[in-house]
Amino acid sequence: MGLQPPDGQLSVVAAFLGSIFPDGDEDLVAAMGKVPGRYADLMREPLADGKGFAQAIVATSKGDDFTAFAEHFGQPRGASENLELATTGTRVVGLGLQVCAAIVLAHKALTLYQYGVTAAALASSGGAGGALLPVVRQAGRRCLDLTTYAAADAVRR
């Protein structure tokens, strides 16, 4: 399931802040991101074979039909080019999913970091008689909100 908070005191900090640890599964999203790349790699060979066959047919054949086929096949909007662009697009989708997995992981890591900072602030404010607890709670919540908004905005873009 990826990065999870350690048991113990950080769960107390999470309860103190009233926050829930992000539950995204970055491993699953990264695995999903690899599928389009494998598909694009799988399509590369048949596309290259198709181009080779088309070129061989045109090179060994004469006539207006073969000339028209060669012109149509080599056009930027022809079937071969469209399929190559489609494989590039699938590869980009896969990379986008892998980037999203990295963003989820970074969000989880920043959340754990904020939990640690909040725990340290709580430990150091122990002698203040609890007067700083609302300030620590509010600062911790704001930092967690900022990291959540930043992660959500990064995925949205």
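User: How does the end-to-end length of α4 compare with what its 46 residues should span?
Analyst: It agrees: at 1.5 Å a residue, α4 should span 68 Å, and its end C-alpha atoms are 67 Å apart. The expected span is 1.5 Å times one less than the number of residues. Helices are DSSP runs (H or I, at least four residues), numbered from the N terminus.

User: Before I go on, what are the ground rules here?
Analyst: This is a predicted model, so local features need pLDDT of at least 70 and side-chain atom pairs count only at pLDDT 80 or more, while totals for chains, interfaces and linings use all residues. Residues are numbered from 1 along each chain as its sequence is written, and side-chain values use heavy atoms, with hydrogens and water left out.

User: New topic: how many aromatic pairs are there in the whole structure?
Analyst: A search finds one. Phe-21 and Tyr-115 form a tilted pair, 6.3 Å centre to centre with 55° between the planes. Rings of Phe, Tyr and Trp (its six-membered ring) pair if their centres lie within 6.5 Å; planes under 30 degrees apart are stacked, over 60 edge-to-face, the rest tilted.

User: Where do the two partners sit in the chain?
Analyst: Phe-21 is in the loop between α1 (9-17) and α2 (26-60), and Tyr-115 is in helix α4, 94 residues apart.

User: And is Tyr-115 buried or exposed?
Analyst: Buried, with a relative accessible area of 2%. Phe-21 counts as buried too, at 12%. Buried means under 20% relative accessible area, exposed over 50%, partly exposed in between (1.4 Å probe, protein chains only).

User: What about Val-117?
Analyst: Val-117 counts as partly exposed because its relative accessibility is 35%. Val-117 also lies in helix α4 (residues 79-124).

Key: Helix = DSSP H or I, 4+ residues; strand = E, 2+ residues; numbered from the N terminus.
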